[in-house]
Amino acid sequence: MNKLIKSLAVAGITIGSGALTASASSHREAPAIAEDQYVDNTDVYAFLSPTDANKLVIVADYVPLLLPTSGPNFYKFSDNARYEVHIDNNGDAVPDVGYRWTFTSQRKIGTTFLYNVGPVDSIASPNLNVTQTYKLEKVNEKTGATQVIMDNVPVAPWNVGKNSFPNNSYEKVALQAVATANGTTAFAGPRDEPFFVDLHVFDLLGVGGAHTTDGVNVMSLVLEVPITELASNGVRPAAGATGKDSVVGIFASASRPRVRLLRGDRNQDDYGSFVQVSRLGWPLINEVIIPLQDKDKYNRTSPRNDVSNFGAYILDPEVPKLLNLVLNANCPATPPEGRTDIVGLLGPNTTKAADLLRININQGQTSAMSHFPNGRALTDDVTDTLLTVACNNGGAISDGVDGNDKAFTTTFPYLASPHSGNP
Amino acid sequence: MNRLLPLILLVAACGKAEHHAPPTPTPTPTPALEHATQADLAQEIVDADRLGTWREVQHRWQGQSLRWTVTRQRVLCGSADDCNVSAFPIQRPAKQGWMPLLSFAGGQFDALATACGSQDPCEVTVEGTLSELEVSPDLPTKVRLSNVRLVTAPTGHVQTAHI
């Protein structure tokens with residue numbers, strides 16, 4: 001935990017209250033969203049770009065735990081949903097800037113069951129039968145005004161296998177899905193699942209180092225944006241600034257149209273305004289802090305009301321009690337004031353406490369400083385960090401899984417290439 | 001006679017109905033809940049989850065003047081505009097997630113801050129109006145007390161309270 005405080009201090013982040021004494025994210029975490037996996041937001045990452053410290057990288061992952069051999073209808077994004085990231089830049093936990101992806105699927109040949117009808121050597125290959133494109137918009141969340149950043153951008157294809165992408169050509173094709181416009185770079189498509197955890201944690205905390213997320217993929221949205229596009233008034237705070245606008249708070253969400261009409265004689269129709277069905281800022285909040293009775297409610301609500309709605313769960317989390325019960329972890333009892341230390345982490349630099357992934361955007365910040373809870377790097381072992389924080393017994397608690405199965409890359413989109421369906 | 005009695009009663013009842021217009025329905029006054037605690041509200045919410053009595057709970061509680069003893073943590077109650085308090089003692093453990101949002105009467109946030117001083121957490125008794133109560137099977141419970149005044153400071157010093 002001292003490591004955690006040091007990393008915060010290096011990042012110029014102060015926590016509100018409470019002395020901290022020590023150091024599986026959101027996959028299928030709530031009953032309703034587990035029935036609608038295409039819009040299940042699994043993880044959010046945010047870090048200063050390792051190639052340009054004037055830019056922020058945001059990764060929002062959806063559709064959990066995907067087997068590479070999932071044909072013939074391989075995973076994609078839903079055409080009937082909005083995928084969004086929201087950024088609060090003044091510390092009130094209300095989004096100011098947003099980015100919205102909407103997807104459209106295409107099919108070239110209807111008379112085959114194949115995803116691709118021959119080897120694919122480029123993202124524009126005529127052999128790529130089933131494709132998807134997207135529109136990326138920037139949203140002024142105060143006014144609702146939108147600005148199209150890019151449109152008709154291809155989604156990277158599924159890594160079907162060695163016959164479809166011979167000579168290890170998949171990644172070359174996938175990277176053709178990287179698009180840049182007005183300084184913003186974007187990628188959408190399947191990637192190796194970057195979250196590492198022993199999911200046996202849900203078998204009465206039976207963790208023991210099993211790499212349960214190895215070998216699976218996820219659908220990733222990756223954005224690299226000039227920080228001035230996100231900062232309050234478009235100005236990046238000076239080095240060492242500690243005001244509420246020295247950090248931005250990020251959460252991702254997915255929304256569905258309010259009404260779906262199923263028809264017996266044709267495809268369904270969707271109507272109405274969009275309703276948020278999934279959201280995520282920090283890893284594991286809805287997964288292990290919010291109890292079953294409120295998990296779906298959490299996904300419907302906004303971070304600005306997190307304390308009013310769920311604050312009592314954060315002040316007295318269940319995890320340390322379970323760690324004591326099952327693992328004899330000797331986590332101390334919740335102090336009379338509650339876990340105000342965790343609340344402090346959720347509201348750094350006097351920002352309003354909320355489930356937002358906050359990251360310092362001051363000048364001088366670098367990628368090396370972007371480690372959870374100051375943002376979240378792909379390599380961060382957030383499970384260990386959060387178990388350790390939750391237990392708070394002065395030692396470290398680990399699930400025994402300390403890294404991803406594949407190395408992350410040093411260039412955009414930073415996530416590892418997805419596992420092949422037929423390696 | 002035993003056979004005739006019900007008939008006579010029925011005729012009498014009908015006769016009454018003919019001579020008197022049905023009374024205008026008047027809303028049942030909601031009994032005051034000045035002595036009801038947050039534990040009572042929590043229990044009614046738990047019951048509503050089982051019985052579907054969400055509207056009744058809201059009707060019964062919304063707008064009531066209440067006196068509750070709550071716990072203020074400074075990190076969650078940093079200003080008059082942004083103050084949540086714990087409705088229940090920590091270490092219960094938490095059975096519900098909601099934390100009442102307080103909107104203070106003039107000067108009362110400062111009174112609270114002064115009364116609590118450096119005590120954190122700080123248990124206080126407050127009075128206020130339950131101005132906002134959202135209870136439903138679909139959204140989290142949300143509780144706002146408005147016109148909040150400090151009644152009893154942690155030292156036991158009694159404040160003047162008018163609601």
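**Helix packing in chain A**

Val319(A), Pro320(A) and Leu323(A) of helix H6(A) are in contact with Leu387(A), Ala390(A) and Cys391(A) of helix H8(A). The structure is a predicted model. The points below begin with this pair of helices, then turn to the interface between the chains and to local features of the backbone.

**The two helices**

- Helix H6 of chain A covers residues 319-327, and helix H8 of chain A covers residues 382-391.
- Their axes come within 8 Å of each other and cross at roughly 90°.
- Because angles of 65 to 115 degrees count as roughly perpendicular, H6(A) is described as roughly perpendicular to H8(A).
- Sorted by class, the contact of H6(A) with H8(A) comprises six nonpolar residues, with no polar and no charged ones.

**The interface between chain B and chain A**

- Chain B contributes 25 residues to the contact, and chain A contributes 27 residues.
- The size of an interface is often expressed as the accessible area lost when the parts come together.
- Between them, chain B and chain A bury about 2100 Å², and 61% of this area is on carbon and sulfur atoms.
- On the chain B side, Val75(B), Ile90(B) and Pro140(B) lose the most area to chain A; together they account for 25% of what that side buries.
- One salt bridge is counted between chain B and chain A.
- The side chains of Asp82(B) and Lys352(A) form a salt bridge, with an N to O distance of 2.8 Å.
- Ten residue pairs are in polar contact between chain B and chain A, counting pairs with both residues at pLDDT 80 or more.
- By class, the side of chain B that touches chain A has twelve nonpolar, eight polar and five charged residues.

**Local backbone features**

- In chain A, the peptide bond from Gly71(A) to Pro72(A) is cis, with omega near 5°.
- Pro72(A) is located in the loop between strand E2 (55-66) and strand E3 (82-88) of chain A.
- In chain B, Asp120(B) and Pro121(B) are joined by a cis peptide bond, with omega about 10°.
- Pro121(B) is placed in the loop between helix H4 (108-116) and strand E5 (122-134) of chain B.
- Asn182(A), a residue other than glycine, has a positive phi, near 50°.
- The loop that holds Asn182(A) runs between strand E7 (179-181) and strand E8 (184-192) of chain A.

Notes
Residues are numbered from 1 along each chain as its sequence is written. Chains are lettered from A and ligands numbered from 1 in the order in which they are written. This is a predicted model: local features need pLDDT of at least 70, side-chain atom pairs count only at pLDDT 80 or more; totals for chains, interfaces and linings use all residues. Side-chain values use heavy atoms; hydrogens and water are left out. Axes are lines fitted to C-alpha atoms, for helices over the stretch in contact, and angles run from 0 to 180 degrees between N-to-C directions. Helices (H or I, at least four residues) and strands (E, at least two) are DSSP runs, numbered from the N terminus. Angles under 35 degrees count as roughly parallel, over 145 as roughly antiparallel, 65 to 115 as roughly perpendicular and the rest as oblique. Contact means heavy atoms within 4.5 Å. Ala, Val, Leu, Ile, Met, Phe, Trp, Tyr, Cys and Pro count as nonpolar, Asp, Glu, Lys and Arg as charged, and the others, Gly among them, as polar. Buried area is the accessible area (1.4 Å probe) that two parts lose on being put together, summed over both. A salt bridge is a side-chain nitrogen of Lys or Arg within 4 Å of a carboxyl oxygen of Asp or Glu. A polar contact is a pair of N or O atoms within 3.5 Å; within protein, one must be able to donate a hydrogen and the other to accept it, and residues adjacent in sequence count only if both atoms are side-chain atoms.
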